[in-house]
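My notes follow in the order I made them.

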Amino acid sequence: MARVVVDVMLKPEILDPQGQAVQRALPRLGFEGIADVRQGKRFELEVEGPVDDAALARINEIAETFLANTVIEDFTVTVEEEK
């Protein structure tokens, strides 16, 4: 088994109100020096069998059609570890 991680983030040109709220709150909580915050989503997929080109293509299809709204979000797929 392997774990494949799909990270989904808003595209840079899309406003991120949740990230902005966190950024504004940080100085009030004593955390200085943070210039920007962007909020995203992380999906961890446990894959049966080897993570070959076919498996990665299938995971990219899952990410593109189900996990991310590609109009406003980008995603990356990373093989994290083999079990």
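The model is predicted. I began just after H1, where Gly 30 has a positive phi of about 90 degrees.

Next I checked the length of H1. Its 12 residues should span 16 Å at 1.5 Å a residue, and I found the end C-alpha atoms 17 Å apart, which agrees.

I then asked which residues of H1 are buried. Gly 19, Ala 25 and Leu 26 are. They sit on the same side of H1, because their arc around the axis is only 125 degrees. Pro 17, Arg 24 and Arg 28 are exposed on the other side of H1.

I moved to Asp 16, which lies in the loop between strand S1 (2-10) and helix H1 (17-28). What is the nearest side chain of opposite charge to Asp 16? It is Arg 38, at 4.2 Å. A salt bridge needs the charged atoms within 4 Å, so I record none for Asp 16, although Asp 16 is buried. The side chain of Asp 16 does reach the backbone nitrogen of Gly 19, at 3.0 Å; Gly 19 is itself one of the buried residues of H1. Leaving out residues up to four places away in sequence, I list Leu 10, Val 37, Arg 38 and Gln 39 as touching Asp 16.

Last, I looked at Thr 76 in strand S3 (residues 73-82). Its relative accessibility is 43%, so I noted Thr 76 as partly exposed. Asp 7 is 69 residues from Thr 76 along the chain, yet their C-alpha atoms are separated by 5.3 Å.

Key. Residues are numbered from 1 along each chain as its sequence is written. This is a predicted model: local features need pLDDT of at least 70, side-chain atom pairs count only at pLDDT 80 or more; totals for chains, interfaces and linings use all residues. Side-chain values use heavy atoms; hydrogens and water are left out. Helices (H or I, at least four residues) and strands (E, at least two) are DSSP runs, numbered from the N terminus. Buried means under 20% relative accessible area, exposed over 50%, partly exposed in between (1.4 Å probe, protein chains only). Lys and Arg count as positive and Asp and Glu as negative; His and the chain ends are not counted. A polar contact is a pair of N or O atoms within 3.5 Å; within protein, one must be able to donate a hydrogen and the other to accept it, and residues adjacent in sequence count only if both atoms are side-chain atoms. Contact means heavy atoms within 4.5 Å. The expected span of a helix is 1.5 Å times one less than its number of residues. The arc is that of the directions from the helix axis to the C-beta atoms.
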